[in-house]
Amino acid sequence: MDRGVSIIEEQKDAIIGAVKRITPGEWKVLVVDENSKKVLDNTVKEDDLLNHNIANIERIEEKREMNPSMDAVYILSPLPHIVECLLADFERRRYRRAFLLWTSILPRELGDRLRGARQHIANVTTLPVDFYPRESHLVTFKDPWSFPVLYHPSCNDLVAKHMQSLAQKILGICIALGEMPKVRFYRPKNPLHEASVMCSHLARFVQRELEGYASANREFAAPSARPPPILVITDRSMDLMAPLVHEFTYQAIAHDLLPIEDHEKVTFRMTINEGTPAAEEKAMELIEKDKVWVSNRHQHMIHTINKLMSDFDKFLADNAHFRDQDPEKNTSLSTIKAMMVDMQEFQRMKETYSLHVTMAQEALRVFDQHKIQEIAPVEQILATGVDDDLKKPKNVLDQVVRLLDHENVNPLDRLRLIILYILYRDGIIPEDIKRLLAHSSLSPTEMDKITNLDLLGAQTTHPLKEFRAPPPPLFPRNYTLPAEDEEYISSRFEPAVKAMLEELCRGTLDPEVFPWVNPPTEMAEESLGAQGSLRSAAPRWASANRRQVENRQRIIVFMAGGATYSEARACYEVSEKQSRDVFLATSHMLTPKLFLRQVGDLSTDRRRLDLPMDRPPPRAPAHLFEPPTPPTPMSPPFGAGRPAAGLGIGGMRSPAGGPQPPVKGLANMTLTSGGRSSAPPGGGGQFSAAPGSEDGGNQGKPSKEKKKRGFFGIKK
């Protein structure tokens, strides 16, 4: 399915557009820090930057050569130690001038520290890109620490500052999409937990950031043909079932059952070319450019397995001729070149299909081994409140205990069942919880993972003789399924965010539970009419090179405390069904294992959590303040130039002295070497070719390196 607009491409365009506006016609150094480099690496390839008059990319925390004759573009995180690094550069006059791009709003106290360095600064801009697009409609902040900060009882002093940070990241998403949305937030009825006011406070932080940015950037308020955008702020307490129930779509079950590593990249380790001399273990990345992954990740495993196997067999049959190809039998250079390109594409696709067939088969193996097929119907009863016949269930506890007795049900699934049962009952007496844990052969320490859910709005215990009617569901649902969905009777549970979005699109979302920060002045606007948005155009850096997309209403959902893959899938489904573009943003993605671990940590002493906020603040490296080492004079080799300090890629100075024999020039001469678009300062003669030049020449090492990177996974 064509998803239309992609937040990945929007952020990429914003970053490259900002660099292009600074570097036309003149080469510059790009300086980044540890955090901003991660943001850039997430969506932008290094070549995309080098191709726009960037001579070199350097880390501000690392040792670098002095380069006082060249300007620098800084893309930096607005942190105290990064400002210290920047001031050290100014003090050493490391570069000629500085063009500053901050990845979020620079705090006033840090801005004051730069006042005395104005003579070094050519321009200062805020480029709000401090977020990590993961999929076309999914954004994370890669911040699992957000969960304890928001919910741990001892972290109240950190909440306000953290909400300010979250609000600025959410603002960055809105700017990248070119939207000034109306803001709604989740306000639970009759809450008992302290964090129940979280969404209300965060929504007001976001509203303040949006209004502040719009007042300072008038072009951000230009009209648009799209219906008014909406931002909904909610949090993990809205749905405690979703992180616990087994989801049977490909992406969700893979992250639940397989050892997928989710760090800087999302990878799964497997053996490629198994059974051959070329066999090796490789970390395969799960990315948006993997079309097999994108087309299958939200499909039920029943369809995924069948489709993967049939598509893989068809792929092998369509490319059977590669098995018999022998490049040595082809004498035409063009024939060999074309064949090698095709073979590399074949190898890449073969590895891609092998990855997903392996993942799907391994997930099914674990599924069978841990008896999840028997667990699933009971989970559906507990999560939905109805049985397979869509009636009130009977003997629920007996079904739960039978599964707790099963030797093949692993400890994590036993704990998930116990918690689902407690949530279904809206709490049981503490002694019964202890009995269930003992019956499951689980440690008494797992009790914290149950009772700590009270901090997220659950009621896990009640006194012995207290009768308490279960609260009505947040979104009552009709579980009458159409005939074609009967095969998914064990997957009838849907996360609350799906029902919320469906009611929002229908205009029936309860304004008492989801109030507006600033209520709409006209009922037409509240009912999501088709009139243009009052604040939905983006500033120049966000709109440059923007792709033309369908004028569908855009809805942004921010889930504080982490989101699940079932919720991400639900957002895509509502987008398709309701002809909207729904974007899910969250601090981090949750798996059942991670969710329960984080809930258990809510009763841990804060000092043992090792929160980044509680660590000593990082400082600028000492080497930045050391006097520069005087250069050692060296005689250049005969017939060669000496590299200019700090020029990095392509920039070379001509050798001192008289004329030199044109040995290098003759060696590098080609039929297309006559023209040159531009070159770094100091480049001359035969060394003036630079990466990103459009002359098509083959001079120097950079061209060879770029050619190597153009191959699809073939080892040299």
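Author: Happy to! Let's begin with His120, which sits in the loop between helix H5 (108-113) and strand E5 (121-126); please keep in mind that the model is predicted. His120 counts as buried because its relative accessibility is 12%, and the cut-off for buried is under 20%. Which residues does His120 touch, leaving aside its neighbours within four places in sequence? The contacts of His120 are then Phe90, Arg93, Arg97 and Ala98.

From that loop, let's move on to a sheet. Three strands form an open sheet in the order E10-E11-E12, and their pairing is antiparallel. Two bridges join E10 to strand E11 (residues 266-272) in the antiparallel sense. If you want to find this pairing on screen, look for Glu261, whose bridge partner in E11 is Thr267.

Our last stop is the second largest pocket, with a volume of about 1600 Å³. It is lined by 45 residues, and those closest to its centre are Met238, Pro471, Pro472, Pro473 and Leu474. Helices take part in this lining too: helix H13 (372-384), helix H15 (411-425) and helix H18 (496-506) each contribute at least two residues. Sorted by class, the lining of the second largest pocket holds 29 nonpolar residues, along with nine charged and seven polar ones.

Note on methods: Residues numbered from 1 in each chain as written. Predicted model: local features only at pLDDT ≥ 70, side-chain atom pairs only at ≥ 80, totals over all residues. Heavy atoms only, no water. 1 Å grid on protein atoms, 1.4 Å probe; cavity = no way out; pocket = protein on both sides within 12 Å on 5 of 7 lines; lining within 4 Å. Points joined across faces, edges and corners; volume = space filled by probe spheres on them. Helix = DSSP H or I, 4+ residues; strand = E, 2+ residues; numbered from the N terminus. Nonpolar A, V, L, I, M, F, W, Y, C, P; charged D, E, K, R; others polar. Buried < 20%, exposed > 50% of the residue type's maximum accessible area, 1.4 Å probe, protein only. Contact = heavy atoms within 4.5 Å. Pairing = 2+ DSSP bridges.
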